[in-house]
Amino acid sequence: MSKNNKDNEDMFYIENGLYVFTEAYHLKRGYCCKNGCRHCPYGFKKKK
């Protein structure tokens, strides 16, 4: 049932207790969520 950790290595990492999704994760998902993600491959930048 649990996914192999190797499968998840390039999809996210945990920083300060938060999940940070990688560019590979976003590309696999296939669209931009417009949340200003750190590794957004779609070029979206959140306005401050």
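The model is predicted, so local features need a pLDDT of at least 70 and side-chain atom pairs count only at pLDDT 80 or more, while totals for chains, interfaces and linings use all residues. Residues are numbered from 1 along each chain as its sequence is written, and side-chain values use heavy atoms, with hydrogens and water left out.

The pLDDT is the predictor's confidence in each residue, on a scale from 0 to 100. Across the protein chain its mean is 85, and 81% of the residues reach 70 or more. Among the elements of the chain, α2 has the highest mean pLDDT, 95, whereas helix α1 (residues 5-8) has the lowest, 59. Helices (H or I, at least four residues) and strands (E, at least two) are DSSP runs, numbered from the N terminus.

The next feature is a pair of strands. Strand β2 (residues 18-21) runs antiparallel to β1, and four bridges join the two; strands count as paired if DSSP finds at least two bridges between them.

The hairpin of β1 and β2 has two residues between the strands. Asn 16 sits in this loop and has a positive phi of about 55°, although it is not a glycine. Most residues other than glycine have a negative phi. Asn 16 is also exposed, with a relative accessible area of 75%; here, buried means under 20%, exposed over 50%, and partly exposed in between (1.4 Å probe, protein chains only). Lys 34 likewise is not a glycine and has a positive phi, of about 60°. Lys 34 lies in the segment after α2 and is exposed at 54% relative accessible area.

The surface also carries a nonpolar patch of about 320 Å², made by Ile 14, Tyr 19 and Phe 21. Patches are made of residues with over 30% relative accessible area and no salt bridge, with nonpolar side chains (Val, Leu, Ile, Met, Phe, Trp, Tyr) joined within 5 Å and like charges within 9 Å. Accessible areas come from the Shrake-Rupley method with a 1.4 Å probe, and for residues only the protein chains shown count as cover.

Charged side chains come next. The structure holds one salt bridge, meaning a side-chain nitrogen of Lys or Arg within 4 Å of a carboxyl oxygen of Asp or Glu. Glu 15 and Arg 38 form this bridge, with their closest N and O atoms 3.0 Å apart. Because Glu 15 lies in strand β1 (residues 12-15) and Arg 38 in the segment after α2 (23-29), the pair ties together parts that are 23 residues apart in sequence. Glu 15 is partly exposed at 30% relative accessibility, while Arg 38 is exposed at 54%.

Finally, the cysteines deserve a look. A disulfide is a pair of cysteine sulfur atoms within 2.5 Å, and a search of the whole structure finds zero of them. The sulfur of Cys 32 has its closest cysteine sulfur in Cys 40, at 4.0 Å, which is too far for a bond. Cys 33 is in no disulfide either, as the nearest cysteine sulfur, that of Cys 37, is 3.7 Å away. Both residues are partly exposed, Cys 32 at 23% and Cys 33 at 27%.
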